[in-house]
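Colleague: Hi! I'm new to this one, could you walk me through it?
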Amino acid sequence: MVKDPQARIVDKKNWKSYFSLSLESPRIAAQAQSGQFIMVRVSAHTQPLLRRPFSIHSKSEKTVEIFFQITGLGTELLSQKKPEDSLDILGPLGKGFEAGKNLKGKDIALVGGGRGIAPLYFLSQKLRSYGATARIFYGGKSQEDLPLKEKFEKEGFDLHWSTDDGSSGFKGFVSDLFKTELEKYTPDRIFACGPELMMKKISLIAQEKNIPAEFSLESVMGCGFGACWGCVRRIKRDNREEWVKICEEGPVFSGNDIIWEEGDE
Amino acid sequence: MTDLSVDLGFLKLKNPVIGASGTFGYGLEFEPYIDLNRLGGFVVKGLYFSPREGNPPPRLVETPSGLINAIGLPGIGVKRFSEEILPRLQKFNTTIIVNVCGENNEEYASVVEFLDKYDGIAAYELNISCPNVEQDGLCPALSPEATFSAVSLVKKTSSRPIIAKLSPNVTDVVQIALSAEEAGADALSLVNTFLAMAVDIETRKPKLSNIYGGLSGPAIKPIALRMTHQVAGRVKIPVIGMGGILTGQDALEYMIAGAKAVEVGTANFIDPESTVKIIEELREYCQKKGIDRIETLIGTLQA
Ligand SMILES: Cc1cc2nc3c(=O)[nH]c(=O)nc-3n(C[C@H](O)[C@H](O)[C@H](O)COP(=O)(O)OP(=O)(O)OC[C@H]3O[C@@H](n4cnc5c(N)ncnc54)[C@H](O)[C@@H]3O)c2cc1C
Ligand SMILES: Cc1cc2nc3c(=O)[nH]c(=O)nc-3n(C[C@H](O)[C@H](O)[C@H](O)COP(=O)(O)O)c2cc1C
Ligand code: FES
């Protein structure tokens, strides 16, 4: 955990409302694990006031990359940054996916919805380096919401994709696509990130089939490093339910421990 | 060499900058970013006697230059605090203050009674002003009588100095301040957060699960500063000012208006180095103005 007040933007990519920024920060890159996140100061002024959390999308020796979608003022300001600008960032924060060398030779499903694909790219690289097979299930509202499709394809991943409107790939939710594919094969493990309802559905499928699954959760974050108690989610601990700070103990949790929010199934 | 130390009478601080309760965790969360020994002090998260869960999320919402929180005072309780946290804080060479909470006067007293047995705490900040716990933000600091009874009971129980933390959600903060002083408070700190709300116009739901929360950050600074000035002009005990302090300049405004020390809250979320940066900015200001002792600046507001 370090603060890098001047991480230089060395690369920027843009697909409609999605962006990626590669930030030069050797100290953060050296420590970064897949599933961890950074807190980015999006304005030098007081609007927006707080930093914004972003998963680490990929890393190299000297850089960490974030991938984000514009959803409000903070992400909009961030999208206007240019190569050579610097950003004030904290990281790497939280606990990432439990994906180690023990997954060698395993068949792993990565399920990402919308901007939730962000941490799964880093994870796919990790898994590959450990000799695991990562299959990617990628869903978006429309074909514009699948900006990373080509990147995964080019790197030769087994990629399955869906759009809610059917403009590309399977028509429907990525959870439905995933369910269909599970009629043909059973992964050894599932890692997922995306909208709440999508993750909840994947979690139910995983429990039904007894497949270990981990999910990267979201919450509004005040600080990102455990000081505000703002980011809690309902988590099972020793047979009890607790409000747990996801910035410290997450954002990644085992599906068996997450109490999903009530809502339309 | 500028002397940044300030003397609260019952407590000498190496500089006037204190991390504010609820925004500074248990202190340890800041270790990766700053040297805690450099601070004037810090106030740990509010402690009830027993562990508490706090409110369901969403607990935070941002508003223009402000933050509304409805955290609801979750915490580990005094026992775990004394076993797991306090021993790790004792190694620091800074002033550690515990923010004391209670559902009623007896609970405030029992927290203090329990913690009195342990070393390493310089004073108690009595949180009689948290707007998040009871319905509609009710708390002792809303009435002079309730303030008097809470402060006097705790003062009787405690072997350590008591700082009464006041609420801004009152018509006359000076009246409450005078009650706390009369009840024996050794110092006052103000302000806690302003009772506030925000609405999602798509769902027409409140943006916080608790509906109301407490507003902090730069948005409240001018009002909090005015209240600090009003109170500092009327009480004899030292006043610790807070509300929206992000920079050395903000801290200086409070000190010139009469605060002997300041607490820095929301700024810690934006930049975990805020407290040490503010200390540096105070030092630079004093050097530039030829001020040898920062204490000589306190309450020097010109007519
Ligand atoms: C651990 C973590 C990792 C994340 N990683 C990514 C990522 O890799 N890429 C990406 O695009 N986004 C990611 N997010 C979400 C991202 O932080 C929010 O989209 C961003 O903070 C919104 O800021 P804004 O100012 O643009 O929008 P705001 O105006 O603040 O909010 C717009 C909408 O987003 C909601 N929102 C605000 N903050 C959050 C938040 N922290 N989490 C969820 N919803 C929020 C608001 O309630 C509102 O409905 C992550 C969130 C978390 C907690
Ligand atoms: C997330 C959050 C949690 C807080 N928790 C406490 C608390 O436990 N006890 C307390 O006395 N004040 C608490 N406060 C109030 C602050 O200590 C401070 O009085 C207030 O935020 C105003 O200062 P600021 O504008 O610098 O943040 C909290 C404030 C915030 C933002
Ligand atoms: S974001 Fe502040 S405690 Fe998690």
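Modeller: Happy to! This is a predicted model. Let's start in chain B, where the buried residues of α2(B) pack against β4 (41-47), α1 (77-89), β7 (95-100), β8 (123-127) and α3 (144-157) of chain B.

Colleague: Which residues of helix α2 in chain B are buried?

Modeller: In α2 (residues 105-115) of chain B, they are B:Tyr108, B:Ala109, B:Val111, B:Val112 and B:Leu115. They span an arc of only 155° around the axis, so they sit on the same side of α2(B).

Colleague: Why do residues three or four places apart point the same way?

Modeller: Because an α-helix has 3.6 residues a turn.

Colleague: Nice. Switching to chain A, what's the strand order in the open sheet of 7 strands?

Modeller: The order is β11-β10-β9-β8-β12-β13-β16 in chain A, with mixed pairing. At the edges are β11 (170-171) and β16 (252-254) of chain A, each pairing on one side only.

Colleague: And in what sense do β9 and β10 of chain A pair, parallel or antiparallel?

Modeller: Parallel: β9 (residues 133-140) and β10 (residues 158-163) of chain A are joined over 6 bridges. As one example, A:Ile136 has A:Leu159 in β10(A) as its bridge partner.

Colleague: Which strands does helix α6 of chain A touch?

Modeller: Helix α6 (residues 196-209) of chain A packs on the sheet and touches β8, β12 and β13 of chain A. Its direction makes about 170° with that of β13(A).

Colleague: Last one: how many residues surround ligand 1?

Modeller: There are 22, and the closest are A:Phe68, A:Gly72, A:Gly74, A:Thr75 and A:Ala118. The shell divides into 12 nonpolar, 7 polar and 3 charged residues.

Methods. Residues are numbered from 1 along each chain as its sequence is written. Chains are lettered from A and ligands numbered from 1 in the order in which they are written. This is a predicted model: local features need pLDDT of at least 70, side-chain atom pairs count only at pLDDT 80 or more; totals for chains, interfaces and linings use all residues. Two strands pair if DSSP finds at least two bridges between them. Helices (H or I, at least four residues) and strands (E, at least two) are DSSP runs, numbered from the N terminus. Two residues are in contact if their C-beta atoms, placed from the backbone, lie within 7 Å. Axes are lines fitted to C-alpha atoms, for helices over the stretch in contact, and angles run from 0 to 180 degrees between N-to-C directions. A residue is near a molecule or strand if its C-beta atom, placed from the backbone, lies within 6 Å of it. Ala, Val, Leu, Ile, Met, Phe, Trp, Tyr, Cys and Pro count as nonpolar, Asp, Glu, Lys and Arg as charged, and the others, Gly among them, as polar. A residue is buried if 20 or more other C-beta atoms lie within 10 Å of its own, exposed if 12 or fewer, and partly exposed in between; C-beta atoms are placed from the backbone. The arc is that of the directions from the helix axis to the C-beta atoms.
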